[in-house]
Amino acid sequence: MTALLFTALVTVWGFTWFAIKLQLGPVAPELSICYRFVLAAAVLWALLAVMRRIRSAPWAGQGWFALLGLTLFSLNFLLIYSATQFIASGVVSVLFTTATLFNAFHQWLFLRRAPSPRVMAGALCGIAGIALLFLQEFSQLGAGHDQLLGIGLAIAGTYVFSLGNMVSLRAVRVAGDLPNAIVRGMTWGVVFLAAFAFLRGVPFVVPTTLPYLAGLVYLAIPGSIIGFFAYLSLLQRVGPDRAAYATVLFPVLALAVSTVLENYVWTLAGLGGFALVLAGNLVIFARLPHKWRTRSRLESAPDAPPVGGQRVDGIDAR
């Protein structure tokens with residue numbers, strides 16, 4: 001099941017970069033993101049209603065859903081989209097791979113669980129591979145104010161995304177299951193995005209061109225519902241550090257899509273980077289001998305449960 005979730009995630013999110021490109025230009029980015037999650041939330045609410053899977057959630061837990069919507073379904077997207085106005089999208093995708101490092105740090109900070117050395121080694125290997133894949137775009141990156149601003153926005157967006165990973169652990173607990181947490185987080189994300197667009201005075205118009213609408217449907221259904229369900233499921237199954245390695249793999253698929261649709265030309269550095277990404281994947285996910293797996297679990301286990309409360313996925317449940 002883990003392999004299926006990982007494959008589905010990388011496949012779905014690998015195509016989102018091209019779908020996002022179809023949406024750039026006609027309206028402000030915050031509106032495109034808002035429309036994406038309006039459609040995704042509406043479809044997910046309808047599916048849960050038809051399946052009679054909607055669960056009631058305590059009002060006291062709305063803060064967690066709002067925080068999930070802010071970190072995972074609005075602010076991180078605004079920062080990442082803003083970054084692409086100053087630096088190339090390839091550079092942004094490279095910087096987004098630092099989610100593996102942020103997740104490892106947050107896993108230690110919030111869950112008191114140190115990432116295993118092999119996960120860190122694999123993540124660094126993968127990030128180096130992605131940097132090689134986009135070496136040409138990095139070589140064209142200047143040291144001006146706009147470029148530095150773009151880098152800062154991309155890293156900030158990735159950090160907020162990583163914080164959202166941690167918030168999701170508690171939000172799922174409050175909602176009762178993953179779909180109910182996701183749909184509530186998306187709904188709050190729509191509220192934040194719509195409020196941001198309104199405060200900026202952005203006119204609420206929906207482009208009717210086929211490329212824009214096609215990109216919107218793909219980003220909302222596969223890209224948001226399937227993608228986030230697969231990612232957050234992985235996060236709960238294998239931990240934040242391993243799940244975040246998907247951010248290293250889907251830019252590779254994005255380049256494969258670009259090869260077919262946009263005539264991307266592979267270089268020797270790009271092929272070397274691809275090999276490094278695969279090597280990082282093997283380091284993180286290849287099965288270890290039994291005695292090594294036992295030692296790895298002991299090294300990455302939490303030191304002790306918090307005093308005075310029960311632990312829920314590593315978070316104090318009080």
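Reply: His 106 lies in helix H7, which spans residues 99-111; helices here are DSSP runs of H or I with at least four residues, numbered from the N terminus. This is a predicted model, in which local features need pLDDT of at least 70 and side-chain atom pairs count only at pLDDT 80 or more, while totals for chains, interfaces and linings use all residues. Residues are numbered from 1 along each chain as its sequence is written, and side-chain values use heavy atoms, with hydrogens and water left out.

His 106 counts as buried because its relative accessibility is 0%, where buried means under 20% relative accessible area, exposed over 50% and partly exposed in between, with a 1.4 Å probe and protein chains only. Leaving aside neighbours within four places in sequence, His 106 is in contact with Leu 111, Tyr 159, Ser 162, Leu 163 and Met 166, contact being heavy atoms within 4.5 Å. With one of these residues, Tyr 159, the side chain of His 106 also makes a side-chain polar contact at 3.1 Å; such a contact is a pair of N or O atoms within 3.5 Å, and within protein one must be able to donate a hydrogen and the other to accept it, residues adjacent in sequence counting only if both atoms are side-chain atoms.

Tyr 159 itself, at 31% relative accessibility, counts as partly exposed. The structure holds 12 aromatic pairs, that is, rings of Phe, Tyr and Trp (its six-membered ring) with centres within 6.5 Å, counted as stacked when the planes are under 30 degrees apart, edge-to-face when over 60 and tilted for the rest. Among them is the edge-to-face pair of Phe 102 and Tyr 159, 5.1 Å centre to centre with 90° between the planes. Because Phe 102 lies in helix H7 and Tyr 159 in helix H10 (residues 145-175), this pair ties together parts that are 57 residues apart in sequence.

A further pair involves Phe 161 and Tyr 231, whose ring centres are 5.5 Å apart and whose planes stand at 40°, so the pair is tilted. This pair links distant parts of the chain, with Phe 161 in helix H10 and Tyr 231 in helix H12 (residues 210-238), 70 residues apart. Phe 161 is buried, with a relative accessible area of 2%, and Tyr 231 also counts as buried, at 0%.

Technical notes. Helix = DSSP H or I, 4+ residues; strand = E, 2+ residues; numbered from the N terminus.
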